Amino acid sequence: MNIHAIQTGTVAIKQSQRDGGDRSRRNLLRVMADSRWTEPLPIYAWLIEHPEGLIVIDTGETARIAEAGYFPRWHPYFRFGLREWIVPEQEIGPQLHALGFSPDNVRWVVLTHFHTDHAGGLGHFPTSEILATGADYAHSRGLGGSMRGFLPQHWPEGFAPTLIEHQDGPFESFVQSTALTRAGDVRLIPTPGHTPGHMSVVLQEGDHVIVFAGDASYAEQNMVDGVADGISPSITAARDSLTRLQRLADARPTVYLPSHDPHSAARLAARQTVSGS
Ligand SMILES: [Zn+2]
């Protein structure tokens with residue numbers, strides 16, 4: 001199946017956000033006070049040319065972040081915790097056109113979660129069905145969502161995603177999942193932790209599976225090591241998700257693709273599985 005890695009700019013975060021480290025709960029202040037930035041990391045979205053329709057996973061960032069006031073000045077994370085770089089041609093809409101596709105022909109857009117670098121390109125998909133978990137939609141919308149660092153004020157007018165509750169039975173190490181395609185080869189799996197309703201997408205392709213992991217971990221190695229990031233509201237949930245991903249990679253050859261792993265695109269191109277899987 002043709003699958004495209006679409007890089008919508010880059011992001012730098014604090015090393016303690018990416019690598020979390022040994023901690024019992026999140027400490028956002030510690031992350032923001034950390035003086036060590038990561039190198040600029042890719043912001044990946046994904047396009048699957050599925051026979052049942054085009055599937056986009058996450059929508060990347062928008063170049064509107066350069067506009068004054070796009071990020072609320074009162075929220076410290078945007079001043080002290082995040083740096084991003086993107087120009088308009090790098091947004092997902094223009095990149096889909098460059099690949100020969102129209103965003104209007106995308107059947108499903110799956111949001112792993114609502115952080116700005118995953119939901120920033122939502123405006124490119126006015127006719128697609130947007131899929132998000134009910135848990136993350138509730139967590140990210142309104143004043144509460146704004147306080148938690150989401151930008152619901154920039155969601156498209158009349159935004160009404162299809163809310164996923166994972167009721168289609170188990171998949172491998174995951175006790176619940178959602179079948180997206182009629183063929184059953186694309187499933188949504190709950191990987192909470194980074195956000196309460198974070199989900200990943202699994203594509204079964206031949207003898208292996210491809211996991212589009214969103215921010216379940218920032219890098220493959222963090223999943224292999226079971227290291228949760230530094231901002232997950234629930235480190236218990238994050239570690240449980242990483243354990244389930246490890247068990248999946250033990251059970252099936254697994255190509256594991258986090259949104260911000262600099263090696264994700266090359267691993268996709270080579271269908272390189274988690275070592276040992
Ligand atoms: Zn995120």
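Leu47 has Val56 in β3 as its bridge partner. That pair belongs to a predicted model, where local features need pLDDT of at least 70, side-chain atom pairs count only at pLDDT 80 or more, and totals for chains, interfaces and linings use all residues. Residues are numbered from 1 along each chain as its sequence is written, and side-chain values use heavy atoms, with hydrogens and water left out. In total, the chain has ten helices and twelve strands (DSSP runs numbered from the N terminus: H or I of at least four residues for helices, E of at least two for strands).

**Around β2**

- β2 covers residues 41-50, and nine of its ten residues are buried (under 20% relative accessible area with a 1.4 Å probe, protein chains only; exposed is over 50%, partly exposed in between).
- β2 runs antiparallel to β3 (residues 53-57), with five bridges joining them; strands count as paired if DSSP finds at least two bridges between them.

**The five-stranded sheet**

- An open sheet with mixed pairing is built from five strands in the order β8-β9-β10-β11-β12.
- β8 (178-179) and β12 (254-258) are the edge strands; each has a single partner strand, so one side of each lacks a neighbour in the sheet.
- β10 (residues 199-205) and β11 (residues 208-214) pair antiparallel over five bridges, and Val201 has Phe212 in β11 as its bridge partner.

**Whole-chain numbers**

- The C-alpha atoms fill a box of roughly 50 × 40 × 35 Å along the principal axes.
- Buried residues account for 58% of the 277 in the chain.
- Of the contacts between residues at least 6 apart in sequence, 66% join residues at least 24 apart (contact means heavy atoms within 4.5 Å).

**Gln272**

- Gln272 falls in the segment after α10 (264-270) and is partly exposed, with a relative accessible area of 45%.
- Leaving out residues up to four places away in sequence, Gln272 touches Thr254, Val255 and Arg267.
- Asp185 is 87 residues from Gln272 in sequence and 19 Å away in space, C-alpha to C-alpha.
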